[in-house]
Amino acid sequence: MRVAVVGTGVAGTAAAWYAARGEGEVVVVGSGSGSTALYSGALDWLPWERSTGEERLDHEVMAFATALDAWTVGSGRCRVATRAGLARPTRAIDTALLNLEPLAGRHVAVVDTPRAGWDGPSLAGALAESDWARSTRTAFVPVSVDLCAAEHERDIGDYDFAALHDDEDRLSTMAERLRTASTAHDAWLLGPWLGVSTEAAEQLRGLLDMPVGETTSAPGGPAGARFEAARDRLLDEAGTRVMPARVAAIEKAANMWTVQLENSKAGASDLVVDAVVLAVGGVAAGGIVLDEPARAFRDGSSFHLSLGAPVRFEIDGGDADASSTLHGFDLERRGVGALERVGVAADHGAVRGAERLFVAGDVVAGRPRTVLEAARAGIAAGRAVLGHTRESIT
Amino acid sequence: MSAEIVTERHDVDVVIIGGGVNGTGLARDCALRGIKVALFERNDIAFGASGNSSGMIHGGPRYLVYDPNVTYTSCLDSGHIQRIAPHLLFRIPFLMPVHAQRTGAKVALTLIDAFFDLYDKYQPLKRGKPHTRLTPEELNELEPGLVGSVVGGVAFDEWGIDGVRLCLGSLVDAIENGAEARVHCTVTEILRKDDGSVKGVRWRDRTSGETGSTTAKIVVNATGAWAPITASLGGLEPKAARLRPGKGIHIFYDRRLTNYAIVARTIDGRQIFVMPWQNTTVIGTTDDDYYGDLDRCVATADEARYLIQAVERVFPALKQARAIGTWAGVRPTLYAWGPNEDALSREHEVLDHEKHGADGLYSMIGGKLASYRIFSEEAADVVARRLGNGEACRTHTSSLPGGDEEVDPLSLAGEAGLEAVAATRLEYRHGSRARRVLERIHRSPRERAVVCECEPVLEAEVRYVVENELAQTVEDVSRRTRLGLGACGGMRCAARCGQIVADMTERSPQQGQRMALEFLESAARRRLSIIGADQARQEAFALASVRSELGLDRRFEEP
């Protein structure tokens, strides 16, 4: 029995991780970062503005987080500082982020270092005036400390600056400079600079013997890179086969799914599998594409997947069809949020009208576009795959 | 009676309502003549038609048919504007292909050629080059993306400008010559005496809620399409300041897609264009009667399709291009019943409301960007005559701020350690005053940070426009600097800009975050009608990113 998981974001990783418990082979096909580029390090379950951050998590999601070894999933709410100056709740965090929740009522030092785009005093001011900081009497104080070793480091991006701190000597220097700058605080808040591997933040905490962590990452920042490092390790340990390729289409033939790879000679390296999990992401990650209006009208649907697959699109419980005026999809009426509500019509992760074809993550219609939902849905798809695989064995 | 008038005290000589090109132009003209002015703008400077025009100081060749006088005054004043604000102008060479399918195409080309012979007579007024008749081969060489069988065409010369910067130039100069100005401050009533003559205005600051009144001998309604509403604030019938509101939209695309501006025809035979403009490509425009909410005028999908279909027929590469935004504005065209919208003149008129019983109240009706200065001069003459001020107009000889001296952007870049493109854009917007922006960096090197990567805009410039150009919100900063109007739609810069604006205006960080969200929401609303495949991905990406950083309210996601 073979399973193909298309997509290497959180949903695909979780699906492959779960499906690898079965006896068959699991092949993960992915071509890049996709939605992990969006990953800020704050791991929400529901969209956070409508959430308390205290939702109970599926025990399999907890097990996935443990296996991934890059996430901190407490029993309750976490709280992160965003670069825009919010102290906002979230259900879990990338381990390198600073969890503010246990620091309520304490003094947090915000690094003030001369890097382009980083304004420590203004960030500290915004955090100090947040509702949470006021109600818990938590202090945020800018502390001047130069973390750059060379002039050019002031202008490089967060990803590159973070990568420097995977080096142990460099990390010790950072610890030393922070310790020299202040010991009067209970924790340090830094920008997203603590490595693109998953160890740097924990090492730094050890060196300083106090909570140290990052704000959220901008899209394409180090938090996403750390997820990718953890993912590669997890998929390797789970014994899955990872193929760095793009899928052109999946087609049903003789009760099996053929996964056609892009740019491969016809049939040469196509995969033939029993079940497929599509975890290709939503509109933001390019998994779902909004059609050009003329084409949309011809095909009756305004959306298609980035690969050929027998799926139907839904929004707000109805078909996501084109408007009748050749304008394509009616965003004026639906609002820009429609781009997050549209997705593949599915029941409990199984694509409606197709056998042994599953979807998980942002590609599914009407589900929250959050990291923990992607993990949950991936696990559910993995579980469904195994169920079907067993059925076909018996 | 006369003794009483002499002793009567006024806060200012003239209250000007409206911060568009006419209001700011008049404020400057009056201030330069030593007349004391207070200007009130309900929204922001250049919020209406002035900031949403085609961005050209064109001579208006198409007006030659209806009214050559418009062409003459436009060309003459285009020349004046080039002298007082050389940094703000950029040459836009136009191509007008003549398609073979057209009945009598060759005759049409000859007629067009002759027509432009006539237009050439006006070109020297605005330092324009005479037109050139082109063969099909030459057209193809100049603009390889053009399709369709052509019999030839003509090339002619126009000038582009950023209308917002023009308004700000006038206003800043007015302020430096003693004028007062308040933005986001709406006039709630035009105060009148028992005899009907005006005595001032009552106003309310829409940001702070503060109210007050300012007395004046003269009140000028320069509110463009809002003019009838403004007239009614003085108890006049709205039709006392009647105009025909014509909505025009533009769509802009990421980067410059063509070498030349290209004239195209719509399905109903109207002439429209696609043109490289600053660092974008713009297509426009429409002209339809509009009676909706002037404060929330946006382009609709119908209007967008109408333009896109027309341009695609001659320049199909537009299909693959990424539309990143729209402008929509309402022209305050002089009222006339009957003619179709395009035939309506862009001529202007200073209305004296004495005939409506409101002595001292005037309305500036009509006008267009290219002739704003001459219109302002005419209105200022009326004001000056009434006040007994004999000073001559100086607005065509005295430079606008930043227009006094040429500055080399590359040497600026070298001095301040900026990227050449950042320095070039900064110099475009501020002329010689780019130096003042960069002085901030000498004092505080951190302000060298780039806040908006797309445009690009430096932190120093954000702070400068808050301090010197009356910007109070993220949207105001965007209007002045084009921050957040690139392909990313402000996703990466709005929050940081909000922090800076809040800091500069002594508002809380939360208010800065709210301002950022308001800008993002309003920019997204202006994009909804043109979102195609590529931009859809960017929009979804931005939604997720903004939610993570700032949080979204439902209003943002839903229509």
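Author: Helices (H or I, at least four residues) and strands (E, at least two) are DSSP runs, numbered from the N terminus. With that convention, His184(B) lies in the loop between β6 (180–182) and β7 (185–192) of chain B. The model is a predicted one, in which local features need pLDDT of at least 70, side-chain atom pairs count only at pLDDT 80 or more, and totals for chains, interfaces and linings use all residues. Residues are numbered from 1 along each chain as its sequence is written, chains are lettered from A and ligands numbered from 1 in the order in which they are written, and side-chain values use heavy atoms, with hydrogens and water left out.

Reader: What is the phi of His184(B)?

Author: Most residues other than glycine have a negative phi, and most peptide bonds are trans. His184(B) has a positive phi, near 55°. As for peptide bonds, the one from Gly284(B) to Thr285(B) is cis, with omega near 0°, and Thr285(B) belongs to the loop between β13 (280–284) and β14 (288–289) of chain B. Glu455(B) and Pro456(B) are also joined by a cis peptide bond, with omega about -10°; Pro456(B) sits in the loop between β18 (450–452) and β19 (457–458) of chain B.

Reader: How is the area buried between chain B and chain A to be read?

Author: The size of an interface is often given as the accessible area lost when the parts come together. Here the buried area (accessible area, 1.4 Å probe, that two parts lose on being put together, summed over both) is about 3,700 Å², and carbon and sulfur atoms give 53% of it. On the side of chain B, Arg446(B), Arg547(B) and Glu549(B) lose the most area to chain A, together 17% of what that side buries. The contact (heavy atoms within 4.5 Å) draws 40 residues from chain B and 52 residues from chain A.

Reader: How many salt bridges are counted between chain B and chain A?

Author: A salt bridge is a side-chain nitrogen of Lys or Arg within 4 Å of a carboxyl oxygen of Asp or Glu. The count between the two chains is six. Arg83(A) and Glu549(B) form a salt bridge through their side chains, at 3.2 Å from N to O. Among the helices of chain B that each supply at least two residues to the side touching chain A are α9 (301–314) and α18 (533–549). Of that side, α18(B) gives the most, with twelve residues.
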